Amino acid sequence: MIDFRSDTLTKPTPDMRAAMASAEVGDDVYGEDPTINALEQRVAAMLGKPAALLCTSGTQSNLLGILSHCQRGEEYIVGAPYHTYKYEAGGAAVLGGVVPHTVSLEADGSVAAATLRGAVKADDPHFPISRLIALENTHLGRVISQAQMWQAREVADEFGLRLHLDGARLANASVATGLSLAELAQPFDSVSLCCSKGLGAPVGSLLIGSEELIGRARRWRKMLGGGMRQAGVIAAAIDYALTHHMARLADDHTHAEGLSQQLGTRLASLAEHVQVAPAHTNMVYLNFADPQVAQQVSTAAREAGILVPASAAMRLVTHLDITSQMIEKTVDILTKVITETVQAR
């Protein structure tokens, strides 16, 4: 099966497995795993911050960031479709008593500075206390401009707020823009960097920020059951990915661009039924006018050996297990499946 459902589906390469097998380990709760310690120091330096903390997932690193910035009864301002609000089970509210204040996005996936200013609460006992702005880069595969991020920094400074970035695919943004991870992270007080997506590690994310923030996050991680023992095997996989898989993200972007362009050309006559959006990094969206057509296409594609979601906004994600030959095969199969499905209705 050729699987486009997510870049979380990547498998460790043989060389990554070898790095994991030979990793030196210790007890990380005691701070004695040398491979984890080295990775945290490396990632902190890569993002230009003082400290980092290895977490089990991007959901956990985002949650630790929010809980380490905010107290109970305080709020974080976040884009309504952003992952920290929509796809993380309400953890900040459920576990930390932190209130999310959702705001609308601009067409490019950013939050306008005026929108952020309008969301900040006055000092009034009726209101939760505004404490944090939480942003995202990339969003739906699209890189948010650094100018937008610096405008958010200005708003945060104006009101004495903190600024957190969900950088689940920040490595993709770095490769797409040519900006370093440190440059992309510079406006933020904390950053969550996921390593189990395009970078291809089997598990793991890091929270990066000040020594004080990471100290609080380490306590929260322990409380939430995230204290790990001999997890240097995981750190070794991430370290390998950072060394060997960063630059190759450009291949994923090239594959997504080719997939988008070829499908757009082949399906041009069906534009009233399906629109193929341009690829910005490693994601291609097929937007179906009829959700039932999308469901039927997903089923038929699976029978032909292609795994894609069944949603009307059908996201196809390229990753290190997708080759150029698979892209050509996928274009042929999806063109056939979509054409036959539309014609049959």
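**Getting my bearings.** I am working with a predicted model, where local features need pLDDT of at least 70, side-chain atom pairs count only at pLDDT 80 or more, and totals for chains, interfaces and linings use all residues. I number residues from 1 along each chain as its sequence is written, and side-chain values use heavy atoms, with hydrogens and water left out.

Over residues 3-285 I noted 43% helix and 17% strand (DSSP runs: H or I of at least four residues, E of at least two). The end C-alpha atoms of that stretch are 15 Å apart.

**Cavity search.** I found 2 cavities of 30 Å³ or more in the whole structure. A cavity here is a set of points on a 1 Å grid over the protein atoms alone where a 1.4 Å probe fits but cannot get out, and lining residues have an atom within 4 Å of a point. A volume is the space filled by probe spheres set on the points.

**Largest cavity.** I read a volume of about 40 Å³. Its lining includes Tyr82, Leu135, Glu136 and Met149. Both β5 (129-136) and α7 (146-159) supply at least two lining residues each. By class I have 5 nonpolar, 2 polar (Gly would count here) and 1 charged.

**Second largest cavity.** This one holds about 30 Å³. Among the lining residues I listed Arg169, Cys194, Lys197 and Leu249. The classes are 5 nonpolar, 2 polar and 2 charged.

Note on methods:
On a 1 Å grid over the protein atoms alone, a cavity is a set of points where a 1.4 Å probe fits but cannot get out, and a pocket is an open set with protein on both sides within 12 Å along at least five of seven lines; lining residues have an atom within 4 Å of a point.
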